[in-house]
Amino acid sequence: MNIVLLYLLLLKGTATAFAGLASLPVIQESLVNQYHVLTNEQLNEAVVITRSSPGPVGLWVVSAGYFAAGLPGAIAGWLAMITPALLIIPLVHFVGRKMGHPRVKSILQTIVIASAGLLLAAAIPLGHDGLTGPVTWAIAIVCFILLFTTKLDTLWMILGAALVSLTASSVGLVALL
């Protein structure tokens, strides 16, 4: 795939989403469904790599670029990830002065709602590929309950899920994963 086209497709995803994984449906549509340079499994792997490593949530775009085109693709993904942030600084300066205006408040509220919808849309394909057996369902349900009932850091949930998965596979419960 042409690196400039890859950059523009990844930029479309990062520029149209206002939260880490909210760009996932846009990028999935472009790279998986339209151009077929990634599979759903590679896209999910890119998300998992980023979610299980330190750093910004949006780094999965770099991993997706790498899976699509190697090191040049990773560089295109990194540039696509930072471009909106660099462009938003002047906009934030402008909006900061207009925050009290009702139209600006309305626009920002709508962006938050749209981001929530995109996050939900991103969770569905991840869940479809990741929830493969009783153990993965149990991990997801326990993490969901812990997330909404405790103040436990998500890092501990990720480490706990990895430990449960490792234990299940080491005792031969691979079929349940």
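This is a predicted model: local features need pLDDT of at least 70, side-chain atom pairs count only at pLDDT 80 or more; totals for chains, interfaces and linings use all residues.

Residues are numbered from 1 along each chain as its sequence is written, and side-chain values use heavy atoms, with hydrogens and water left out.

**Helices α2 and α5**

- The axes (lines fitted to C-alpha atoms over the stretch in contact) of helix α2, residues 24-34, and helix α5, residues 102-130, come within 8 Å and cross at roughly 55 degrees.
- Because of this angle, α2 is oblique to α5, oblique being what remains when angles under 35 degrees count as roughly parallel, over 145 as roughly antiparallel and 65 to 115 as roughly perpendicular.
- Leu-24, Pro-25 and Gln-28 of α2 make the contact (heavy atoms within 4.5 Å) with Leu-118, Ala-121, Ala-122, Pro-125 and Leu-126 of α5.

**Asn-40**

- Asn-40 belongs to helix α3, residues 40-51, and counts as partly exposed at 28% relative accessibility, the class between buried (under 20%) and exposed (over 50%) with a 1.4 Å probe and protein chains only.
- The side chains of Asn-40 and Gln-28 are joined by a polar contact of 2.6 Å, a term for a pair of N or O atoms within 3.5 Å, one able to donate a hydrogen and the other to accept it.

**Ser-30**

- Ser-30, in helix α2, counts as buried at 1% relative accessibility.
- A polar contact of 3.3 Å links the side chains of Ser-30 and Lys-12.

Definitions and conventions: Helices (H or I, at least four residues) and strands (E, at least two) are DSSP runs, numbered from the N terminus. Axes are lines fitted to C-alpha atoms, for helices over the stretch in contact, and angles run from 0 to 180 degrees between N-to-C directions.
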